[in-house]
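Dear colleague,

Please find below the sequence and structure that I am handing over to you.

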Amino acid sequence: MLDKSAKEGERNIVSITVSGAVGEEGSKQAQSFVLASLRLGTAEQVSLNELTFEPGRKITFNVSGSSSVHLLGSEVVAPDFRYSDRSD
């Protein structure tokens with residue numbers, strides 16, 4: 001959601017940078033991805049329900065444009081199935 005400092009007709013881009021991602025050559029490098037492009041006066045929304053991050057990665061959210069962008073979400077930690085109380 002854009003705040004009141006947004007300017008008419010301007011796009012505000014929300015992106016993320018993931019550090020420690022493994023690139024094509026197998027080396028760790030930072031990669032950037034655009035999540036949303038928002039404009040004032042429209043009801044543009046983006047569902048990020050399927051957005052997941054691997055443990056150990058540094059995630060940085062970035063905004064370009066004149067407005068602040070407000071994000072809402074939750075953290076869901078997947079269970080660790082490596083250990084079991086079951087004996088075979």
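Ser15 is buried, because its relative accessible area is 16%, and the cut-off for a buried residue is under 20%. Please note that this is a predicted model. Ser15 belongs to strand S1, which covers residues 11–22. Apart from neighbours within four places in sequence, Ser15 makes contact with Phe33, Val34, Leu35, Thr60, Phe61 and Asn62.

**The protein as a whole**

How many helices and strands does the protein have? The secondary structure consists of zero helices and three strands, and the order of elements from the N terminus is β-β-β. Of the 88 residues in the protein, 17% are buried. The protein exposes about 7,400 Å², and 51% of this area is supplied by carbon and sulfur atoms. Among contacts with a separation of 6 or more, 61% are between residues 24 or more positions apart.

Lys4 lies in the segment before S1. Is Lys4 buried or exposed? Lys4 counts as exposed, since its relative accessibility is 85% and the cut-off for exposed is over 50%. Although Lys4 and Ser67 are 63 residues apart in sequence, their C-alpha atoms are 7.4 Å apart in space.

Pro55 is located in the loop between strand S2 (28–39) and strand S3 (58–64). With a relative accessible area of 78%, Pro55 is exposed as well. Along the chain, Pro55 and Val77 are 22 residues apart, and a distance of 9.8 Å separates their C-alpha atoms.

**The largest pocket**

Rolling a probe the size of a water molecule over the atoms shows where empty space is left. In this model, the largest pocket holds about 1,100 Å³ of space. Which residues lie nearest the centre of the largest pocket? They are Leu48, Leu51, Leu72, Gly73 and Ser74, out of 30 residues that line the pocket. S2 contributes the largest share of the lining, with four residues. Sorted by class, the lining of the largest pocket comprises 18 nonpolar, eight polar and four charged residues.

With kind regards

Definitions and conventions. Residues numbered from 1 in each chain as written. Predicted model: local features only at pLDDT ≥ 70, side-chain atom pairs only at ≥ 80, totals over all residues. Heavy atoms only, no water. Helix = DSSP H or I, 4+ residues; strand = E, 2+ residues; numbered from the N terminus. Buried < 20%, exposed > 50% of the residue type's maximum accessible area, 1.4 Å probe, protein only. Contact = heavy atoms within 4.5 Å. Areas by Shrake-Rupley, 256 points an atom, 1.4 Å probe, with all protein chains shown as cover. 1 Å grid on protein atoms, 1.4 Å probe; cavity = no way out; pocket = protein on both sides within 12 Å on 5 of 7 lines; lining within 4 Å. Points joined across faces, edges and corners; volume = space filled by probe spheres on them. Nonpolar A, V, L, I, M, F, W, Y, C, P; charged D, E, K, R; others polar.
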